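Hello,

Here is the structure we talked about. Please open it alongside this email and follow along.

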Amino acid sequence: MKRTISLIQLVTIWLLTCLSSNLVAGEAKELPVRAFKVGSPSPGKFNDFIKFIDEELSKTDVNQLFLRINYNYQFTSHPELSEKNALSKQQIKEILNVTRKHNIELIPLVNLLGHQSWKQDNIRSLLVKYPQFEENPGPKLLEKDFYTRAYCPNHPEVHNVIFAIVDEIVEVFESKGFHAGMDEVFVLGEDGCPRCKGKNKAELFANEVNLIQRHLAKTNTQMYIWGDRLLDGNITGIGKWAASQNDTAPAIDMISKDIIICDWQYKYAPPTPGYFAVKGFNVISAAYQVPEVAKFQLNNMIESRKVTRDVIKNRLQGVMHTYWGNADSFYPCYTKGDCPSDVKKSSIETFKTMFPKH
């Protein structure tokens, strides 16, 4: 009699796939989700992006396009938050038309909670216009490797603004899904914040995730987040980036199982997709810049789905390629090999490994 697969069995599958890493990569079309994430184009390169979708992306097995829009949209609800490369409503509709033409689902991504700056000084528009929303990073701000600011999840007015722009983005994208980011949140529950000081960081993180999920559920919008804050970086040895070392990992048992986890693991491929699936989440395995890791993740997802019962199989949704740049640099790098860096070049190679043209 067929039994439900355990976490240990999933790890065993992972190890066996590792030992068989010389196998030819499976085909992404075997999976329900074949996703690509990229930053939104600038208005000046917009036509190139449309051309890329119509002539290049359409010839791959990609069926979901996650567009990292953030504040690069001409908001009507909060026009003060629109940044300099903001796309218009008409341009979003053009993207939507070309993705629908090729049966690709378009899903917006807006970084919530964290990633409200790049380093100390390059602050995103939310905290520029509403500095009172910031979670006070205290002495962390002076650290050499300070990464990104965050908003305070307990500020009494922040969600009035956040939910207004989220609703506007979901509406203009005509989307059934919304990616809230929420990765690499290093500023949370800080002593400098009178609302969050001393509070459990896992609970703070989980409460914010659940609040956003409940809001999206009012319009039957599927929520996606990155999975790193839900993994224990110490126990797994994954570290503080692709997992958490700031006490948020217990949130995995506090958040809604209706959320889809995008499990980014870039340089290595630990058996984290199976962990998320056993925990009850639908999961997408995300790659970036190492083709061999991406090939393994693709094979592992395909093979794991073959030997599990439907309850787990259906949670192992598929794979995603994440390009951490905007569409302006992706297009010439993909079509002409004109890449701005070796990392970007290897990311293009990884994309082509996962989603070759046919």
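**A buried isoleucine**

Isoleucine 284 counts as buried, because its relative accessibility is 1%, and buried means under 20%. Keep in mind that this is a predicted model. Isoleucine 284 sits in strand 9, which covers residues 282–287. What does isoleucine 284 touch, leaving aside neighbours within four places in sequence? Its contacts are Val33, Gln64, Tyr224, Ile260, Ile261, Cys262, Asp263, Gln317, Gly318, Val319 and Met320. Serine 125 is another matter: its C-alpha atom is 30 Å from that of isoleucine 284. Along the chain, those two residues are 159 apart.

**Helix 3**

Now go to residues 89–101. This is helix 3, with 13 residues. From first C-alpha to last, helix 3 reaches 18 Å, close to the 18 Å expected at 1.5 Å a residue. Its buried residues are Gln91, Ile92, Ile95, Leu96, Val98 and Thr99. What covers them? The cover includes helix 2 (46–55) and helix 5 (158–173). It also includes strand 2 (64–68) and strand 3 (105–112). Just after helix 3, look at asparagine 103: its phi is positive, about 55°.

**Salt bridges**

Side chains of opposite charge can pair when their charged atoms come close. How many salt bridges does the structure hold? There are 13.

Start with aspartate 54 and lysine 101. Their side chains meet in a salt bridge, at 3.0 Å from N to O. This pair links distant parts of the chain: aspartate 54 is in helix 2, lysine 101 is in helix 3, and they are 47 residues apart. Aspartate 54 counts as partly exposed, at 25% relative accessibility. Lysine 101 counts as exposed, because its value is 56% and the cut-off is over 50%.

Next, lysine 240 and aspartate 145. In this salt bridge the closest N and O atoms are 3.4 Å apart. Lysine 240 lies in the loop between helix 7 and strand 8, and aspartate 145 in the loop between helix 4 and helix 5, so the pair ties together parts 95 residues apart in sequence. Lysine 240 is partly exposed at 32% relative accessibility. Aspartate 145 is partly exposed too, at 44%.

Then find lysine 295 and glutamate 292. Their closest N and O atoms are 3.4 Å apart, in another salt bridge. Why are they separated by about one helical turn? Because they are three residues apart in helix 9 (residues 291–306). Lysine 295 counts as buried, at 17% relative accessibility.

Lys93, Arg100 and Glu174 are joined by salt bridges that share partners.

Best wishes

Note on methods: Residues numbered from 1 in each chain as written. Predicted model: local features only at pLDDT ≥ 70, side-chain atom pairs only at ≥ 80, totals over all residues. Heavy atoms only, no water. Helix = DSSP H or I, 4+ residues; strand = E, 2+ residues; numbered from the N terminus. Buried < 20%, exposed > 50% of the residue type's maximum accessible area, 1.4 Å probe, protein only. Contact = heavy atoms within 4.5 Å. Expected span 1.5 Å × (residues − 1). Salt bridge = Lys/Arg side-chain N within 4 Å of Asp/Glu carboxyl O.
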